Each structure stands twice: as structure tokens, then as C-alpha cells.
Amino acid sequence: MLNRVTRSDDGSVKERVHIAPVQFEVDRLILPIKMLKGERAHLMLLKTDNKRVHACLGKAKAALKELGKPYAIHEDEFDIFELISSYKRVIEEELEKGSFVYVNLSSGGAMQAVAANYAAME
């Protein structure tokens, strides 16, 4: 099923879009995109000066570039309500485009996972 092209009722191709928080785990971010053959990614980042987070973001961007996958970076404050709103906005925009949306709960921190989970449930 993952190797087949999925089409909408109007014949357009549905894209598989991954929404993933960025923190310290590059493999947990990149491997699902590779394994599930995602076409695009949204990287969700908390505003921080943490050098490890920025190093992880750099590695993730390089890996996505190597795979030829376009990505967007969304940066938010460390606030649960802002995070939920940001995830929800991205999910709704992609669903309106007719995309399949995969939300990664394991590549970021606990607060990012909770926000992503709440946004995906609505």
C-alpha cells in the first residue's frame, strides 16, 4: 500500500506529509519519513539557544536535503497552548490540501508530544 500512488476523487495525487518536532533525536525524525515514503515534512521547533537542538536541526535538514524532501520549519515559544495552535494550524492546512498527515510524537520532547497529540485529536 505504501508503494502505490493514492489519488483523490478528482484524480490528483495525495501527498504524505510528516509533522515532526525537533529536539535531540535525528533518527526518530528522519526514519519515519523514509520508511513511510513521505513527500514533505514540517519540522516543529521550540525557540531555544540550545546548541544540541540546533545541531539536530542542521542534521535533519541535511538528511532531508539528501533525500530530496522539501521541508518547512515552524518555530514556537515554549508555551503549550501556542504549540497546540501551531500544530493544529499545520495539520488543518495539509488536510485542506488533501494530504495524508502523519504526526510524529517521538522525535521531540514531552511537551511537544502532548501538544501534537492534542492537535491531532481535534
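Helices (H or I, at least four residues) and strands (E, at least two) are DSSP runs, numbered from the N terminus. This is a predicted model, in which local features need pLDDT of at least 70, side-chain atom pairs count only at pLDDT 80 or more, and totals for chains, interfaces and linings use all residues. Residues are numbered from 1 along each chain as its sequence is written, and side-chain values use heavy atoms, leaving out hydrogens and water.

**Overall layout**
- The chain has four helices and four strands, and from the N terminus on these elements run β-α-β-α-β-α-β-α.
- Of its 122 residues, 34% count as buried (under 20% relative accessible area, with exposed meaning over 50% and partly exposed in between; 1.4 Å probe, protein chains only).

**Packing of H1 and H2**
- Two packed helices are described by the angle between their axes and the distance between the axes.
- Helix H2 covers residues 51–67, and H1 packs with H2 at an angle of about 20°, the axes being 9 Å apart.
- Axes are lines fitted to C-alpha atoms, for helices over the stretch in contact, and angles run from 0 to 180 degrees between N-to-C directions.
- H1 and H2 are therefore roughly parallel to each other (angles under 35 degrees; over 145 is roughly antiparallel, 65 to 115 roughly perpendicular and the rest oblique).

**Lys37**
- Lys37 lies in the loop between helix H1 (26–35) and strand E2 (40–46).
- Phi of Lys37 is near 55°, which is a positive value in a residue other than glycine.
- Lys37 counts as partly exposed, at 35% relative accessibility.

**Tyr118**
- Tyr118 is in helix H4 (residues 110–121).
- With a relative accessible area of 44%, Tyr118 is partly exposed.
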